[in-house]
Amino acid sequence: QVQLVESGGGLVQAGGSLRLSCAASGRSFTNYTMGWYRQAPGKEREFVLAISWSGGSTYYADFAKGRFTISRDTAKNTVYLQMNALKPEDTAVYYCAAKHRLSYEGGYEHWGQGTQVTVSS
């Protein structure tokens, strides 16, 4: 059974940085896509970015380009979300997600419990 556990959230001032981690377990993630989503209060969950586990190719939502970076460490079975130049509007619960397909947005089968990121102005 796939388990995804996020960590690294917290409170940060605007302009600061955070790195979120997603520890994945339960199976081999070959041919999986790993993604990050976020959900701000009163808003729908939105796609942030994703990475193919095997090849490492990435795909970013427009708002994430230039500030956010996704990476993975296959030896540690961990996916990372590096967030720089954070803005108050980045405040949200960030979720790690996984699916057994090589596509980026939508259709994720497994979800973590989420980690809160709060950016103060």
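1. Asp73 has Thr78 in S8 as its bridge partner. S7 and S8 run antiparallel to each other, with six bridges between them; strands here are DSSP E runs of at least two residues, numbered from the N terminus, and two of them pair if DSSP finds at least two bridges between them. Keep in mind that this is a predicted model, where local features need pLDDT of at least 70 and side-chain atom pairs pLDDT 80 or more, while totals for chains, interfaces and linings use all residues. Numbering starts from 1 along each chain as its sequence is written, and side-chain values use heavy atoms, with hydrogens and water left out.

2. The sheet itself is open, with four strands in the order S1-S3-S8-S7 and antiparallel pairing. Strands S1 (3–7) and S7 (68–73) are at the edges with a single partner strand each, so one side of each has no neighbour in the sheet. From one strand to the next, the twist averages 20° (axes are lines fitted to C-alpha atoms, and angles run from 0 to 180 degrees between N-to-C directions).

3. Next, have a look at Asp90, in the loop between strand S8 (78–83) and strand S9 (92–99). Asp90 is buried, at 1% relative accessible area (buried is under 20%, exposed over 50%, partly exposed in between, with a 1.4 Å probe and protein chains only). Its side chain reaches the backbone nitrogen of Lys87 at 2.8 Å. Beyond neighbours within four places in sequence, Asp90 is in contact with residues including Arg38, Arg67 and Phe68 (contact means heavy atoms within 4.5 Å).

4. Now the aromatics: there are nine pairs, counted for Phe, Tyr and Trp (six-membered ring) with centres within 6.5 Å; planes under 30 degrees apart are stacked, over 60 edge-to-face, the rest tilted. Tyr37 and Phe47 are edge-to-face, because their centres are 5.5 Å apart and their planes at 75°. Tyr37 is in strand S4 (residues 33–39) and Phe47 in strand S5 (residues 46–52), so this pair ties together parts 10 residues apart in sequence. Both Tyr37 and Phe47 are buried.

5. Phe47 also pairs with Tyr59, tilted, at 5.9 Å centre to centre and 35° between the planes. Tyr59 is partly exposed, at 35% relative accessibility.

6. Ring pairs join Tyr37, Phe47, Tyr59, Tyr104, Tyr108 and Trp111 into a cluster. Two charges are worth a look here: the charged end of Arg45 sits over the ring of Trp111, 4.5 Å from its centre, and that of Lys99 over the ring of Tyr108, also at 4.5 Å. The rule is NZ of Lys or CZ of Arg within 6 Å of the ring centre and within 35 degrees of the ring normal.

Note on methods:
Polar contact = N/O pair within 3.5 Å; in protein donor to acceptor, adjacent residues only side chain to side chain.
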